[in-house]
Amino acid sequence: ELLVVGSANADLVTRVERHPAPGETVLGSDLAVHPGGKGANQAVAAARLGARAALLARVGDDAHGRMLLESLRTAGVDTAPVLTGGAPTGVALIAVGARGDNTIVVSPGANARLTPEDVAAAHGVLAGAAVVSLQMEVPAPVVAAAARAAAAAGTRVVLNPSPPGELPDDVLAVCDPLVVNEHEARGLLGGAGAPRDPGEQARALLALGPRSVVVTLGAAGALHRGPGGTVRVPSPAVEAVDTTGAGDAFTGALAWRLARGDTPEAAVRFAVRVGAAAVTRPGAQSSFPTAGALPR
Ligand code: ADP
């Protein structure tokens, strides 16, 4: 019912006392290796909640790729569309400073080798899904091809434009919803001149052309704006320990509930509970809840 098209990365994390200057070497803590990438995160978030979710992504024919496939399958994601080979698995090299100040180098690897032809070859899966969920850690032509093919097949498109990049008007026009956090909202609305009020942001984003908009507001929840008006949904109050992956958990949950036929408002009400649960535990995928473990 849900197809996610996007990235899969191995996150390689080490803690450092201070970050190295160019030419310098510092020692870090024991390496931790976590499954990540926005596409894989969204698919895992949905599957862990009980969704039938498939992932179209590309990983390398290497140990990181096998680790990612294993974590996806354990969560219950359909990995049949995952392609292998062509480049090493995407990696994020993450140095966490003493004050939580991270420096990150991303090597996209196989993610950058996903092509519009790969999307075309998966047309059956795409047309058979109720919703396709997209982010922008794979090449822009892949995102565009998936959005256009989905729209042509009557599959609903959910798009989180992260990291920010090129978004052709006809791709924006089929997003239902476009899902952004406040940072991404400001970026799309031209930075300093963007409205500060989230309701005004949602109104201005809708004017850019998508069918509907969701703005996530961290601890304040999220806001949905469609042709029928604006709904603001508060997040459950939780003790936040690590917000990594909260947006991916939110969007994976939202996309799945829309695929199930929920109204946008009901889907957002569900997704804020999933996002809130995800911030109560450390890590990205490791923090994603099952359906039985959601705060009210
Ligand atoms: P991103 O992770 O992309 O920056 P947000 O910070 O807006 O996006 O978080 C996404 C969702 O996760 C929010 O809509 C909310 O449901 C949940 N969330 C994030 N931070 C908190 C928090 N401190 N308390 C409760 N829920 C949170």
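**Close-up views of a predicted model**

**View 1. Gly187 and its surroundings.** Gly187 counts as partly exposed because 16 C-beta neighbours lie inside 10 Å (buried means 20 or more other C-beta atoms within 10 Å of its own, exposed 12 or fewer, and partly exposed in between, with C-beta atoms placed from the backbone). Helix α7 (residues 182-188) contains Gly187; helices (H or I, at least four residues) and strands (E, at least two) are DSSP runs, numbered from the N terminus. From C-alpha to C-alpha, Gly187 and Gly165 are 9.8 Å apart in space and 22 residues apart in sequence. Residues are numbered from 1 along each chain as its sequence is written. The model is predicted: local features need pLDDT of at least 70, side-chain atom pairs count only at pLDDT 80 or more, and totals for chains, interfaces and linings use all residues.

**View 2. A sheet of four strands.** This open sheet has the order β3-β2-β7-β8, with mixed pairing (two strands pair if DSSP finds at least two bridges between them). Strands β3 (32-36) and β8 (102-107) stand at the edges with a single partner strand each, so one side of each is left without a neighbour in the sheet.

**View 3. Strands β7 and β8.** Strand β7 (residues 90-96) runs antiparallel to β8, and six bridges join them. Thr103 in β8 stands opposite Ala95.

**View 4. The shell around the ligand.** Among the 18 residues around the ligand, Thr216, Ala219, Gly247, Gly275 and Ala276 come nearest (a residue is near a molecule if its C-beta atom, placed from the backbone, lies within 6 Å of it). Helices α9 (246-259) and α10 (264-278) are the elements that give two or more residues to this shell.
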